[in-house]
Amino acid sequence: MVFKSNIKWVALIGLILSLFSLLLHLLLAKFSNVSLVEYSALAGLQEGLHSKLGAQRHKKLWGVVKPLESLQPYANPRSSYPVPNEKNNGFIYAKISGGFEKIRPLICDLVAISRLLNATLVIPEIQQSTRSKGISYKFRSFSYLYNEEQFIASLKNDVIIVKSLPEKLKSGRRNNEFPTFRPKSSSSPSFYIKEILPNLKKFKVIGLILTDGGCLQSILPPSMSEYQRLRCRVAFQALHFRPEIQVLGRRMVERLRDWGQPFLAFHPGLVRDALAYHGCAELFQDVHTELIQYRRAQLIKQGIVKEELSVDSHLHKEKGLCPLMPEEVGILLRAMGYPPKTIIYLAGSETFGGQRVLIPLRAMFANLVDRTSLCSSQELLDLVGPETPLPLDTFKFPPAKTEEQLKEEWKKAGPRPRPLPPPPDRPIYRHEKEGWYDWITETETEPDPSPMDLRMEAHRLLWDALDYIVSVEADAFFPGFNNDGIGWPDFSSLVMGQRLYENPSSRTYRPDRKILADLFNITRENMYHPKHNWTLSVQELLNKSMGEEGLIRESLLSKPNSFLSHPLPECSCRIPSDEIPNQVKGNDGRLLYGGEDNCPEWMQRGMEMVKVDPGATERSKADEVELPDYETDLDEQPENDDTSGNTNTTLPFDQDDEMDPND
């Protein structure tokens, strides 16, 4: 009995100790500040696999283009290059008209022509700023956009540049005593030697009026390679924006970087002149169609367009002659694997069609930003500088029309112009009269630009300059409309050319719009939920466009119109590597790819010493913070070769919860 009683007491004490221990552990768990880590072998394996896949996705979307890493910028003279002499043939002054995309190539051509003719160049006048009344007194003409001192100092070994004509010659210019010429963009060097040089030697001063976005043919003979490199030195080394523009542009890039992930720059290329030239009016609606058609009629009268006024815009788009609409670009980027949180910078001072054409892209990518969302109103005003206030443009209602006149107009109104005039029973509201397109409803003649219109044209130069800085520095660039064949440069081509010069291995898409039009026709009825094979075709096409195939195509299509859009091989050199690219020549014997000189030894040694850029490493580490967002990589999905459209695979593209713009 005693033995059994002791067993009961031992069991009771053990039970009490167990309860006390359990209570103690609960109290420790509740009040302790120590973080306990639960380890799971499966969770650890999944985390490691996810990190590896995230790094692969990041590299696929933002990594460098390996085949182009050996290319380096090198625009220095390669042979004997004499310094200019002050005792030369005379002075050249020039007036430059056009937007940002025309001004930059024209200045480069002017410098090359001045050296060709052994002349002193007077700082050219930018008409977009000089004809605008009341703009800032701080910046005029050339200095409104570029840094004059930097321009003169950087080219002192190439051309003598002065800010103005000597006093004794200014009166002769005012009295039109000197001959002026209007050379075309396709003018050859022999034209200047035979036609311009004799007049320069005779009068000592000549004037050039330039409007075509160039005044010297893009492709020069191999014997004039030094002039091509001079063009590069002007564009990429001498033409610096004025300090205020550079500071604000760098600040915009820093603000984009501060978000801790890479960003892509997109230029829609929706410009009225280009749309009219190619007959893309029917891609738009309402008044925008009429505005494009009106401009196209003007181009036909000027002899620039040889086709008829009314053309099939959709047929032109299938030929690759019309731009990719922002909605289509959004679908392409999603097919490439860019997630909805991707930061996209919208470049371009003019997007024809306004915010309406951007709605689908903004629905797919919420982080669509532009200069107005990165800069405060005060920062933009400070960039413009103090300006003289313009008189208020007060609204005036049109003279009243009789009921008979309104009914007669309504009967005569056909399918065009659009929008139709209001019916007889409804007056013209104020919002229908205001804006830059109100004239299209009442008259067949576009009014002359108002003082405010001229001022806005000058401001667009500044906005384009900011967009240019951001686009060149972007981690990736996608053009909506380049290589349009219009005969003068476009913004996207200039950006792509500078990116190719400064950092050839950066991700610059060079889409083939004709092939993409065929691909979109395949899935037109189901663009937001395409088949997996369609997505793979898009990925293959766009990935190839960034490499050698894209450069060869660019050399064929873009370089004949603008040398700055494709400054290879003249302005680059190649670091020797194991893989030597094959030289590709065109039908005319011109090198399309390969054939670059080997980089000098001092450059090769520098590349060996600095194989990894510390700043780039830090940026890549910062980028990897956002890797979990890149879960839309289509490579994770199994391939499906079933062309009948029956698939059991649900693409991440289909799983996006973003709003469908068609709803």
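Predicted model: local features only at pLDDT ≥ 70, side-chain atom pairs only at ≥ 80, totals over all residues.
## Second largest cavity

The lining of the second largest cavity is made up, by class, of five nonpolar, one polar and three charged residues.

## A nonpolar patch on the surface

Trp-9, Leu-12 and Ile-16 together make a nonpolar surface patch of about 340 Å². Of these residues, Trp-9 is found in helix H1, which covers residues 2-31, and Trp-9 counts as exposed because its relative accessibility is 55%, where the cut-off for exposed is over 50%.

## Salt bridges within and between elements

Side chains of opposite charge can pair when their charged atoms come close. The structure holds 24 salt bridges, and one of them joins Arg-229 to Glu-226, with the closest N and O atoms 3.3 Å apart. Both Arg-229 and Glu-226 belong to helix H8 (residues 225-238), where they are three residues apart, about one turn of the helix. Arg-229 is buried, at a relative accessible area of 7%, and Glu-226 also counts as buried, with 13% relative accessibility.

A salt bridge between the side chains of Arg-257 and Asp-475 has an N to O distance of 2.5 Å. Because Arg-257 lies in helix H9 (residues 243-257) and Asp-475 in the loop between helix H19 (451-473) and strand S11 (476-479), this pair ties together parts that are 218 residues apart in sequence. Arg-257 is partly exposed, with a relative accessible area of 26%, whereas Asp-475 is buried, with a relative accessible area of 18%.

Arg-455 is located in helix H19, while Glu-387 is in the loop between helix H16 (377-384) and helix H17 (403-412), so the pair ties together parts that are 68 residues apart in sequence. Arg-455 counts as buried, at 5% relative accessibility, but Glu-387 is partly exposed, with a relative accessible area of 24%.

Key: Residues numbered from 1 in each chain as written. Heavy atoms only, no water. Nonpolar A, V, L, I, M, F, W, Y, C, P; charged D, E, K, R; others polar. Patch = residues over 30% accessible without salt bridge, like charges linked within 9 Å, V, L, I, M, F, W, Y side chains within 5 Å. Areas by Shrake-Rupley, 256 points an atom, 1.4 Å probe, with all protein chains shown as cover. Salt bridge = Lys/Arg side-chain N within 4 Å of Asp/Glu carboxyl O. Helix = DSSP H or I, 4+ residues; strand = E, 2+ residues; numbered from the N terminus. Buried < 20%, exposed > 50% of the residue type's maximum accessible area, 1.4 Å probe, protein only.
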